[in-house]
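Visitor: I would like to know what stands behind the labels used for this model. Could we take them one at a time?

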Amino acid sequence: MRNTLQNKDRDLDTICAISTPQGVGGISVIRVSGPEATALTRKICDFFPLKPESHRAYYGHLSDPRTASVVDEVVALYFQKGRSFTAEDTVEISCHGNPSIAREILSLLTSHGGRIADRGEFTYRAFMNGRIDLVQAESVLSLIESQSKAAAMQSLRQLQGDLSDELVKIEDILVWCLAHLEASIDFSSEGIEVVKQSDLETKMGDLKGKIDKLVKSFQQGRLIKDGLKVVLTGIPNVGKSSLLNLLVEEDRAIVTPVPGTTRDVIEASTNVQGLKVNFVDTAGLRVSQDMVEKIGIEKSYLAQRGADAVFFVFDSSNSLSEEELKELADLSESNLYLIGNKRDQGELDIEARRIAVLKQVSQSIFFKDLPGFCDKLKERVLIVSALDKKDGEVIRANLVKRLEVEQFEDQAVLFQARHYEKLSVASRNMERSLVLLRQQASPEFLALEMKEALLSVQDTLGKRFDDDVLDRVFKEFCIGK
Amino acid sequence: MLNNLTTPKSDFDVIVVGAGHAGVEACLASSRLGQATLMITSNVDRIAYMSCNPSIGGLAKGHMVREIDVLGGEMGLAADATCIQFKRLNSGRGPAVRGTRVQNDKHRYSAHIKAKLSQQPNLTVMQGEVKSLILDRGICLGVNLQDGSQIFAKATVITTGTFMNGVMHFGLQQISGGRIGDQATVGLSDQLREFGFSVQRLKTGTPARLHKDSIDWSKTEPQYGDEKIYPFSFRSPLKFQLPQVACYLSRTTEETHEIIRKNLDKSPMYCGIIEGIGPRYCPSIEDKVMRFADRASHQTFLEPEGLDTDLIYLQGISTSLPEEVQLEFLRTIPGLENVKVVRYGYAVEYDFIEPTQIWHRLETRPIRQLFLAGQINGTSGYEEAAAQGLVAGVNAAHSLLGKAEFILDRDKAYIGVLIDDLVTKGTREPYRMFTSRAEHRLVLREDNTMDRLGDLSIALGLVGSEAKTKLEHLKSRRTSLLESLQTEKLFPNAETQEKLLKIPTTVLNKSISFEELLRRSEVSCSDLKGLNFSIDEDPNVSEPVEIEVKYAGYIKRQNELIEQAKKSEELPLAPTLNYGEIKGLSNEEVEKLNRIKPRTLGQAQRISGVNPSATQAIMIYLKSQQRTDRSQTENQSEFCEGRGRRSQSSVAIGTVVPGAGC
């Protein structure tokens, strides 16, 4: 990628790459972009017309011009300059999904003057040709790296310009406010009221609301991108590791009947309704003499802190111990679920077990300072068996429903930390602007706050020159992970 | 720079054509820098004439007058000496949007300047009509006069104001001329056009002048000036030099508007006779009535043109309607029921040179040693003109002295903003300065002009030795005032607390420095006097120090923004750069960049129609150039890193990186 950034001549090359994942599949797509895209295609696809029509597919046999031997039957789709992703002449050749066929086509293209595209080079060209802005370029990166459907959806929306559109809207209102503020300064001696304070206040409040909503969405954006983190905790030997294996549907953790088997933090991910969820199994919480286990327990406490949810696992065939109740009280601040394991053991039915646990909690001395805790727990007690696959489904479904990840579905969501940082600054500027406006401070200070907010928004959109940002964004394309 | 220039003979080093506010500053600057200078004017009786309103300064304009003054120009001194009303506009607002405006005795103003010119060594003033320039292979060698004579000089500054092909409109009647009583300059703009310059048309207007005895003053509202003067010039005495007078406020009525609307077909602006674009911010009364149709009234100030004249200037009512219509509508304004008009308002249409054709040093791009300043560059206002005159005069002299070009940065002076805007963006209407044009407004204040430009001025050498000493002296007084504010402490004893309560401000619970006390918004410098702190009362000392202390937080943030902007402001772009070679630029961008040839990436960003992505493209191109340059000298190895080159082998055929198709 970087050599493209560094070398202007390379930007004039016609680039090509296999755009579908490696391996056997139904079809593979080879993308060709650049000034020679059609000429290059014509060299190996004699059926491809000299002046193809944009967005039209041409079917025929692709062959090696030197030997005239047919490589595959293909469909070549043409996108005219200015109407393609890169804004250059582009041809997408669909062949059968045999990796060796795709590679042969690619090799034919390069031997006739094409160059293999660097990572992200199509996006880079789209950006350089003004086809997409920086926010959209960044979204291409997230889209490629999305590990779940929700993340991919959001990236796609960002690429389609949802976030850019929202930011441009914000920018417009900021410019409107600034223009009116400035005019009221410059025409102060003309005796004209350029803008009513109340109108300005309404606009600015609206602006702050819009920016704050985006800033808040970062938390959700992060959830969508990095996934949820769910920590499994509880005293030893209640079956946390079995539960983890159940939830991720593979044997990630070693399961033995010996208490304290899990000594380190084990992580495993799964996809729940299109959302990535990282489950973290921790060492059982108990006073241990074992050095290694002690460190493991320390880590368990640490892991709980950054969690989006904590599953407190207990043995539902027994009542909760004092130790467990105390532990629960300590976790009262977190997004807590009580998972009663071992449904298959013991006498009582599920409902009775739930009632018993809740009763125990409500009567325990540890919770007398925590009013409402019991009510909050009511909906959050699940009695399951780590041996029953259906129960795994129940837990996962419950989890996603409760975290309400979908609430931002219809809105642009912040993904990138860079966007979050910039817009947080803008939000603070707006906060101060509103204070200044209400205090009727001299408008020049208000203007400075708004100007800073505007610069932050423009930085986010990549509208202002900043070499470092450009580097940061395209570096990720270059190196990959 | 011009050492190799061989002219047949040079009568002068520098010729300045025009004697308006730009011409005056240009002549003085050039002659003060030791250049034998000739001022040519078509009318020596109209030197430094206030053709329109009898006032200097205003918001953002007052800033420029102070800048001109610190740099060694004359405008501030003349305005102070002939001030008959002084006002600090927006004095209740923040420090960056306060502006000084004075009413002047216009004849004394001209007389003051004329006296300065006659005392100035190296300067000759002559009356004459310039017909054309003497050009040789793209270099200006002097001027041809109407009488057939030629005057040669190494540099020429044109400051012809509204005179180039000037046409005055009185209703539907048109008369050639740049100002009432003065001939237009004909021929010069045709010559420039033939040379390839883009010459456009602008218009401006002036209101009627009234006889003071025909006005019923009782129906108007007197407007007095401030009681204390804070002169434009640091060299002026801190007191009024002439008696102070009032201006008077009145308003147009529905009846006035009705008459104007009824007669629009007789306005050259509205029936399409005038092609030039007028200023939006200083519109004619016809414009105001039509554009603000919902307003029942517009204010007008009746301003005396001087102490010894009977003429009253009618601020805000510029018009080009026929005389009889003017008289009819004027008489509907309270106080003017029986008004006698001494001179009717009129509009002037004139040629200007599209200013993107000049460099920051105000030399034209197509013709060397030819400098332009003032309204010829599309500006409006005495202050804008004078500022350019000074810069053009200095640069004309510097070009002969082999000195570096004199350019003020946008974060240092409004003059820098003015010129950068003109040469970068051009203008479609008469350009007037506003505080909003300065993106670094909070540090471009009237009060800190000396801090911004003092050292630069001393290096420039336009100020005399006495003024230089004063600049240095005031600077050290400001430094010592700030030091004592920082070091001297106030202790919470009973006496102090009592005095603080009187200000009123909260009492102390521990000792604080006077600087900390002054940061409180309710405490001013004058309050410190009562607390036994000796304050330097010269506003050239106390005001900037107080403001720097009070607004330290905002000033710091503004400075941070300046630092951010420097990333691109300090990235030079060679004038030889061919933008056509840069991938990712639109044809329009290439055309504009190649034409304007920005000095820095920052300037490139300000060109209208050049998109942010273009800046990125230029940046990337420059890097690749640096890289190419470097790789020619060192055989660099390939490495894969952030800014590094990616190894070719990693993209060999068949080993496509996943995601490469993105």
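Visitor: Why is Asp13(A) called partly exposed?
Guide: Its relative accessibility is 25%. Buried means under 20% relative accessible area and exposed over 50%, with partly exposed in between (1.4 Å probe, protein chains only), so Asp13(A) at 25% counts as partly exposed. This is a predicted model, in which local features need pLDDT of at least 70 and side-chain atom pairs pLDDT 80 or more, while totals for chains, interfaces and linings use all residues. Residues are numbered from 1 along each chain as written, chains are lettered from A and ligands numbered from 1 in written order, and side-chain values use heavy atoms, without hydrogens and water.

Visitor: What makes Arg115(A) and Asp13(A) a salt bridge?
Guide: Their side chains meet at 2.5 Å, N to O. The rule asks for a side-chain nitrogen of Lys or Arg within 4 Å of a carboxyl oxygen of Asp or Glu, so the pair qualifies.

Visitor: Why can this pair be said to tie together separate parts of chain A?
Guide: Arg115(A) is in strand β6 (residues 115-116) and Asp13(A) in the loop between α1 (2-6) and β1 (15-18), so the parts joined are 102 residues apart in sequence. Helices (H or I, at least four residues) and strands (E, at least two) are DSSP runs, numbered from the N terminus.

Visitor: Why do Arg445(B) and Asp447(B) both count as buried?
Guide: Arg445(B) has a relative accessible area of 1% and Asp447(B) has 3%, so both fall in the buried class. Their side chains meet in a salt bridge at 2.8 Å, N to O.

Visitor: What makes a network in chain B?
Guide: Salt bridges that share partners join Arg410(B), Asp420(B), Asp421(B), Lys425(B), Glu439(B), Glu569(B) and Arg606(B) into one. Over all chains, the count comes to 66 salt bridges.

Visitor: Where do the domains of chain B lie, and how do you know?
Guide: An automatic or database domain assignment sets the bounds: domain 1 is 12-204 + 350-455, domain 2 is 209-346, domain 3 is 462-561 and domain 4 is 571-646. The C-alpha centres of domain 1 and domain 3 of chain B lie 38 Å apart.

Visitor: How much area is buried between domain 1 and domain 3 of chain B?
Guide: About 1,700 Å², of which carbon and sulfur atoms give 59%. Buried area is the accessible area (1.4 Å probe) that two parts lose on being put together, summed over both. Leu442(B), Asp447(B) and Met450(B) supply 30% of what domain 1 buries against domain 3, more than any other three residues.

Visitor: How many salt bridges are counted between domain 1 and domain 3 of chain B?
Guide: The count is 4.
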